[in-house]
Amino acid sequence: MVSKPKSCQLDPIPTWLLKSCIDVLLPTITTIINASLEQGVFPTKWKESLLRPLIKKMSLDRDEFNNFRPISNLAFLSKTLEKIVASQLDTYLTNHQLYAKMQSAYRIHHSTETALLRVVNDVMRGIDDQQECVLVLLDLSSAFDTIDHDILLDRLCNRYGLSGVVLDWLKSYLCDRPQRVVVDNVSSRPCFASCGVPQGSVLGPLLFSLYIAPLEDVIMSHGIDAMMYADDSQLYIFLNRNNCIIATEKLEACIDDVMNWITCNMLMGNPSKTEVIHFYSRYMKPDCPLRPIKVGGHDVQPVNKILVVKSIETHV
């Protein structure tokens, strides 16, 4: 298992020094990791993290706290143990086909590129069939930070079949994690996180994708096409002059159920950052002039261009 030679202030020695002495230290490290896995306990010392605010986009206002993402700096050996568990968990989920089919994040051969290609291909095929497409890009606020630990553990048990020592270890990993915010090398007092998974951790993103996976069931129950990448969900439906009103109402009914599921699972939708785009052939006028789509009680106006990895034009 290859690890980057990055160090954290929490590391007792620099990572480069640990690696240079790995022949001597490896037996001790192996013993600690094996004991953690066998006993179902994540080492308390390795739970601590330093939160460093990272601006989401360089163009955003730095005086607005919501424009920053709290990235966790963790001890090197903490992330090493996470990698081992994440690898074993990935093998289990893959072998038993437990990953959400619409989710294109945090696993091999799935990326923003594959998600984008899926959506673009579906839209192009629909237009070739002389249909139009309405695409809704739903946005969540601070999704990684609001995960409810009890809901997550229940889901890991009942949806994914994890139990015993494995579930005990994951519960130990999630609970009683002290965090300190560091700005300009000045550290705050420690505060224990009661919810969420660490952004910047190895295991956190995988646990988030498992947490949000049932959202796929909600969408599929409405017969709506969708693609998800982490906390970004793209819902889309095809329409023509014969089903324009019915298809739009069907899409809004799906969005209502999605927003209800999000609320019940302690997540927070962000209608103000949700976007809607109407695709149709450049050679034909749209049969269905699109009205605003209701998202969480807000009317979202259709736009002519959105940014998903790269710009997509409304006329194809």
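Which residues touch the most other members of the largest nonpolar core? The views below begin with that core in a predicted model.

**View 1. The largest nonpolar core has 64 residues.** Leu 156, Leu 203, Leu 207, Leu 235 and Val 258 are the members that touch the most others. The biggest contribution comes from helix α9 (residues 244-264), which supplies eight residues. In soluble globular proteins, nonpolar side chains tend to be buried together.

View 2. After α6 comes Asp 176, which has a positive phi, near 55 degrees.

**View 3. Helices α5 and α6 meet in a right-handed crossing.** Their axes come within 11 Å and cross at roughly 160 degrees. Angles over 145 degrees count as roughly antiparallel, and α5 and α6 are therefore roughly antiparallel to each other. From α5, the residues in contact are His 149, Leu 152, Leu 153, Leu 156 and Cys 157. On the α6 side they meet Leu 167, Leu 170, Lys 171 and Leu 174.

**View 4. Helices α6 and α7 meet in a left-handed crossing.** The two helices pack at about 115 degrees, and their axes are 12 Å apart. This angle makes α6 roughly perpendicular to α7. Trp 169, Leu 170, Tyr 173 and Leu 174 of α6 meet Leu 203, Gly 204 and Leu 207 of α7. Among these, Leu 203 and Leu 207 are also two of the residues that touch the most other members of the largest core.

**View 5. Residues 309-316 have pLDDT under 50.** For this stretch the model has 29 contacts beyond four places in sequence. The protein chain averages a pLDDT of 88, and 94% of the residues score at least 70.

How values were computed:
Residues are numbered from 1 along each chain as its sequence is written. This is a predicted model: local features need pLDDT of at least 70, side-chain atom pairs count only at pLDDT 80 or more; totals for chains, interfaces and linings use all residues. Side-chain values use heavy atoms; hydrogens and water are left out. pLDDT is the predictor's confidence in each residue, from 0 to 100. Contact means heavy atoms within 4.5 Å. A nonpolar core is a set of buried Ala, Val, Leu, Ile, Met, Phe, Trp, Tyr and Cys residues joined through side-chain atoms within 4.5 Å. Buried means under 20% relative accessible area, exposed over 50%, partly exposed in between (1.4 Å probe, protein chains only). Helices (H or I, at least four residues) and strands (E, at least two) are DSSP runs, numbered from the N terminus. Axes are lines fitted to C-alpha atoms, for helices over the stretch in contact, and angles run from 0 to 180 degrees between N-to-C directions. Angles under 35 degrees count as roughly parallel, over 145 as roughly antiparallel, 65 to 115 as roughly perpendicular and the rest as oblique. A crossing is left-handed if the near helix is turned anticlockwise from the far one by less than a right angle, and right-handed if clockwise.
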